[in-house]
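Here is a friendly tour of aromatic pairs and nonpolar cores. Please have the viewer open as you read.

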Amino acid sequence: MSGGNGASSGLVAGADRVSRGPLGAVPTSVYAELRPPPELASHACCVWTQVAGPSGHVQRVLPDGCADIVWMAGGELVVAGPATGHVLAEIPPGVTAVGVRFSPGASGAALGQPAHELQDRTVELADLWGAAGRELTERMALASPLRRPGLLAEAVARRLRDAPRPDPVVTRAAALLARGMPVADTSREIALGERHLRRRFHEAVGYGPKTLQRIMRMRRFLDMVEAMPDPDVGRAAVEAGYSDQPHLTRESTALTGLPPVALLTSRQPRAAADGVRRR
């Protein structure tokens with residue numbers, strides 16, 4: 001990749017997302033995802049930016065089975081590990097955060113660290129990458145805002161040249177769980193016992209397949225209900241795999257910190273940002 005901005009580095013902008021407070025309020029941040037360049041595509045699902053408005057922004061980040069490398073102006077370059085619950089992340093007024101997000105099952109290989117050691121943690125990248133992490137932090141601090149997404153993507157891509165590929169068994173299992181297949185059926189489909197699958201998930205994803213199943217079910221629910229012209233929480237809950245309304249409420253509160261209706265209201269309009277991951 002070249003040393004230019006995101007566009008010249010092969011990053012392709014996805015849909016911008018506007019995050020608001022109460023419905024109808026002034027936008028408090030703008031979030032954009034960029035397709036990863038080919039050098040990152042084996043491990044990363046996106047490069048992203050999130051720009052806070054003049055009053056700053058507090059983002060409710062929901063668990064997604066991923067890990068991120070995150071830069072925020074004035075701070076360190078950090079790794080936000082795979083989360084099992086929501087995080088409230090604050091972006092100061094006018095600040096742009098930048099990140100590379102690793103797909104479920106890819107973070108362990110990408111970071112050279114068993115993913116379970118990073119569960120629900122934020123660590124400085126220098127603690128994992130040593131001098132290379134410290135040098136990248138300094139370069140990010142000196143770069144212009146337009147340059148930072150490409151710079152971060154280039155540095156991570158160089159690091160991935162010698163990284164092992166993601167575990168194909170875990171990658172396949174994660175995709176099946178994301179589509180709603182039960183853990184037992186997934187284990188049979190990939191011909192691996194549940195105990196061995198759980199061990200490989202802890203190394204690659206950061207937690208077991210049952211936890212990822214719960215997280216991806218919540219994601220399916222949100223995608224379904226937010227795509228409905230006339231949102232129907234009950235119908236979306238059944239289609240996503242919840243047994244009843246109390247089941248949905250328990251899971252929503254445990255994973256996101258809010259019951260489902262309050263969560264959906266906080267995400268209005270659709271396409272609320274799921275960017276910054278700092279703990």
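Predicted model: local features only at pLDDT ≥ 70, side-chain atom pairs only at ≥ 80, totals over all residues.

Residues are numbered from 1 along each chain as its sequence is written, and side-chain values use heavy atoms, leaving out hydrogens and water.

**Aromatic pairs**

- The whole structure holds 2 aromatic pairs (Phe, Tyr or Trp rings, the six-membered one for Trp, with centres within 6.5 Å; stacked under 30 degrees between planes, edge-to-face over 60, tilted for the rest).
- Y31 and W48 make a tilted pair, because their ring centres are 6.1 Å apart and their planes meet at 40 degrees.
- Y31 sits in strand β2 (residues 29–35) and W48 in strand β3 (residues 44–52), 17 residues apart (strands are DSSP E runs of at least two residues, helices H or I runs of at least four, numbered from the N terminus).
- Both Y31 and W48 are buried (under 20% relative accessible area with a 1.4 Å probe, protein chains only).
- F221 and Y242 pair edge-to-face, at 6.3 Å between centres and 90 degrees between planes.
- F221 belongs to helix α8 (residues 209–227) and Y242 to the loop between α9 (233–240) and α10 (245–256), so this pair ties together parts 21 residues apart in sequence.

**Nonpolar cores**

- The largest nonpolar core has 32 residues, and F221 and Y242 are among those with the most contacts inside it (a core joins buried Ala, Val, Leu, Ile, Met, Phe, Trp, Tyr and Cys through side-chain atoms within 4.5 Å).
- Helix α8 gives the most to this core, with 7 residues.
- Another core, of 28 residues, lies apart from it and includes L40 and M140.

Conventions. Buried < 20%, exposed > 50% of the residue type's maximum accessible area, 1.4 Å probe, protein only.
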